[in-house]
Amino acid sequence: IMLEFRSAQGDPERLPELAAELVRLKVDVLVTRQTAPTLAAREATRTIPIVMLGVADPVGIGIIASLAHPGGNITGVSVNAAEISAKRVQLLQEAVPKLSRVAVLWNSTFKSMALSFQQIEMAAPSLRVTVQSVRVSSSDDFKQAFAAIGQGRPGGLIVLFGPMRGNDLPRIVEFVTSNRLPTVFELGQGVRGGGLMEFGPSVSDMARHIGAYIDKIANGARAADLPVEEPTRFELIVNLKAARTMGLTIPPSLLLRADEVIQ
């Protein structure tokens, strides 16, 4: 039996309860998507194999011992936070002429978000941009966060969005569209509502890898012995309609690299 356990943005506080419920059902494999559900599943069981999908820096946040030898009961597909974080800044630079200041909206309750933000900070000097940190830890923080972004007057925004409440993402999208602020979201968030770009590892490609892990475990392999992989395919979505609204002309070189262009 395999049950997928993913973050419920509507009620993330229930993650430990949901994980414990799945463990009581005595499933054979748990599949978790992103960091918070993976941590909740690990706390609920140290014996049922857990196959994670899209967790940023699982070694750095203590989920596994190493990529080659994860140990314990967790394996799967991780995400290189350093590579992705720097790339999002570069994408904004290509889209926004003379970009010099970037705001980063990030959820400070998750260590993976902190690691991603740190990677942006580290990349900033070589990319010649100034980074404005805008931290949120609950839905109540967004009003203050939006005010801080407005006062900072950045040329672009990067959203590192951890699981919160169901209406948080629409609020972010409404803010960036009403302020015509060029924004890069994580893949699967924001661009269809009016955001400028999304960039991240291909979820469908990672899902295929997850299937291979499940097959190996079903045939007797131990999660502890299966090396953790990193995604090899990344996707870029560009919203040309949003670009026109923001007064931007997206370079042809960027459009040619896009996996999808929203007209």
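In the predicted model, an open sheet is formed by 7 strands, which follow the order β6-β5-β7-β8-β9-β10-β11 with mixed pairing.

On one hand, β5 pairs with strand β6 (residues 130-136) in the parallel sense over 7 bridges, and Asn107 has Val136 in β6 as its bridge partner. On the other hand, β5 is joined by 5 bridges to strand β7 (residues 156-160), the two strands again running parallel; here the bridge partner of Leu105 is Val159 in β7.

Helix α6 lies across β5, β7 and β8 (183-186), and its direction makes an angle of about 165° with β8. The axis of α6 (residues 168-178) also comes within 12 Å of that of helix α5 (residues 142-152), the two crossing at roughly 25°. Because angles under 35 degrees count as roughly parallel, α5 and α6 are therefore described as roughly parallel to each other, and the crossing in which α5 passes α6 is right-handed. The contact brings Phe142, Lys143, Phe146 and Ile149 of α5 together with Asp168, Arg171, Ile172 and Phe175 of α6. Classified by residue type, this contact of α5 with α6 comprises 5 nonpolar and 3 charged residues, with no polar residues.

Notes
Residues numbered from 1 in each chain as written. Predicted model: local features only at pLDDT ≥ 70, side-chain atom pairs only at ≥ 80, totals over all residues. Heavy atoms only, no water. Axes fitted to C-alpha atoms, helices over the stretch in contact; angles between N-to-C directions. Helix = DSSP H or I, 4+ residues; strand = E, 2+ residues; numbered from the N terminus. Parallel < 35°, antiparallel > 145°, perpendicular 65-115°, else oblique. Left-handed = near helix turned anticlockwise from the far one by under 90°. Contact = heavy atoms within 4.5 Å. Nonpolar A, V, L, I, M, F, W, Y, C, P; charged D, E, K, R; others polar. Pairing = 2+ DSSP bridges.
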